[in-house]
Amino acid sequence: MSTPVLLIDDDGQLLHATAQTLELAGFDVTPLARATDAVGSIDSGFAGVVVSDIRMPGMDGLQLFERIRAIDAEIPVILVTGHGDIPTAVKAIQDGVYDFIAKPFPAERLIQCVHRAAEKRNLVMENRRLKHAARQAEDDFPLIGQTMAMDRLRQTLRQIADTDVDVLVTGETGSGKEVVARLLHCWSRRSKGNFVALNCGALPEQVIESELFGHEPGAFTGAQKKRVGRIEHSSGGTLFLDELESMPLSTQIQMLRVLEMREVTPLGTNEVRPVDIRIVAAAKVDLADAEQRKTFREDLYYRLNVVSLTIPPLRERREDIPLLFSYFAERAARRFQREAPPLSAAILKHLAEHDWPGNVRELSHFAERAVLGMMPPAARQTTTAPAGGDGGTLPERLERVEAQIIRDTLSAHGGDVQETIAALGIPRKTFYDKLQRHGIVRRDFTQKTDG
């Protein structure tokens, strides 16, 4: 899908020629003669770039930028200026305009600028999408990830959320099985009902039946009051059974009847109560494998395995680790009222090299320790040498070091461009070119002081 570009210029001939240039470069261009028409075409979901002349009757380019900034400060605005407007344009850059191009300009200069702005906007929209998915998870371990495996998992969850089929989730400890269950619940029409979770491995055999099915007073010694079981309590909602492989054999037999008949009989009564439930079960082992299944009933496995999902371990989706760490670090910083640590070279090296046997749960705890200043020695190193690494050619290693120096300097100055440029001792244009080349997003380093 081509990137949308709103092009505004009151000069009809120039507007037509510039639109053709951008269209030939693959952009979806909407040419407009008035800035007021552009304002009505933009909201916070606009996924493209705005290119506007500065000097226009009525609303000029700077006024248009202010209106767009009020709608969404992260929409890239490129201003086209005459020679006399350059001081004004420089001030606009300081205020947040993405870039300016002085007339007359070569077509390639405009195309490259719009390409860079489009890449920035795409990154912003993708991060917003991931953060939205994380908020929907409503759990300690959000289903965040940009890898193909996580994209497929989210798409599958969306497809089956409203189907009411029972689901079997397989994944290692800490990989986020309960997150999957909660998302299935939140994204379904059952979201207004209860989400009820039970860890089958955390309760002894004599207790789990009472927890699941409930009991009447006097059903057994100590049963003084009526108790509604987890199954009945989840009627109209979702029942999540974790560590399913640990469920006692006698309980498995009773669960098989619940699945087949959708009814429950509490302990101490002959009353049969219908239940409207969806079961999401999770296991740490592959229940399809007889050796791993052990005493788990084969018929119950096949009855639960209507849809099977597998969550990849963190070591198989390493590209997601820095994003997850940043999310957990920011959350921990709010919780502990501390500053989130920057992604230094040492932390990045640790994130990349550690195997994360505890998966997302372990990463979350590591981020909390990082915020509290309790990182392991390897992650506390302050030298920038690891960023260069031992592999690659000398230019490649220098590129990695340069990128890390820029990140560290941005972090030290809270993302302030002027201070960062002064500290680095490079021209503004060189600074922005390096940000683009290294894929660094300046706003990631700005201090969030306005709530």
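1. Which residue caps the N-terminal end of helix 3? In this predicted model, the cap is Asp60, with a side-chain oxygen 3.1 Å from the backbone nitrogen of Leu62.

2. Helix 3 spans residues 61–71, and its buried residues are Gly61, Leu64, Phe65 and Ile68. These four sit on the same side of helix 3, because the arc they cover around the axis is only 100 degrees.

3. Ser188 belongs to the loop that runs between helix 7 (177–186) and strand 7 (195–199). Is Ser188 buried or exposed? Its relative accessibility is 6%, and the cut-off for buried is under 20%, so Ser188 counts as buried.

4. The side chain of Ser188 has polar partners in the backbone. One is the backbone oxygen of Leu184, at 3.3 Å; another is the backbone nitrogen of Arg190, at 3.1 Å. If residues up to four places away in sequence are not counted, Ser188 touches Ala161, Asp162 and Arg278.

5. The largest nonpolar core contains 27 residues, and Leu212, Ile231, Leu241, Leu244, Met255 and Ile279 have the most contacts inside it. At least two residues of this core come from each of strand 7, helix 8 (205–213), strand 10 (238–242), helix 10 (249–261), strand 13 (278–283) and helix 12 (298–304). Helix 10 gives the most, with 4 residues.

6. Leaving aside neighbours within four places in sequence, Ile231 is in contact with Leu212, Phe213, Leu239, Met255, Val258, Val264, Val275 and Ile277. Another core, of 22 residues, lies apart from the largest one, and Ile8, Leu32, Phe65 and Val77 are among its members. Phe65 is also one of the buried residues of helix 3.

7. The second largest pocket has a volume of about 920 Å³. It is lined by 35 residues, of which Val97, Tyr98, Lys120, Tyr432 and Arg442 are the closest to its centre. Helix 3, helix 4 (86–95), strand 5 (99–102), helix 5 (107–137), helix 18 (417–424) and helix 19 (428–438) each give two or more residues to the lining. Which element supplies the largest share of this lining? That is helix 19, with 6 residues.

Terms used:
Residues numbered from 1 in each chain as written. Predicted model: local features only at pLDDT ≥ 70, side-chain atom pairs only at ≥ 80, totals over all residues. Heavy atoms only, no water. Buried < 20%, exposed > 50% of the residue type's maximum accessible area, 1.4 Å probe, protein only. Arc of directions from axis to C-beta. Polar contact = N/O pair within 3.5 Å; in protein donor to acceptor, adjacent residues only side chain to side chain. Contact = heavy atoms within 4.5 Å. Core = buried A, V, L, I, M, F, W, Y, C linked by side-chain atoms within 4.5 Å. 1 Å grid on protein atoms, 1.4 Å probe; cavity = no way out; pocket = protein on both sides within 12 Å on 5 of 7 lines; lining within 4 Å. Points joined across faces, edges and corners; volume = space filled by probe spheres on them.
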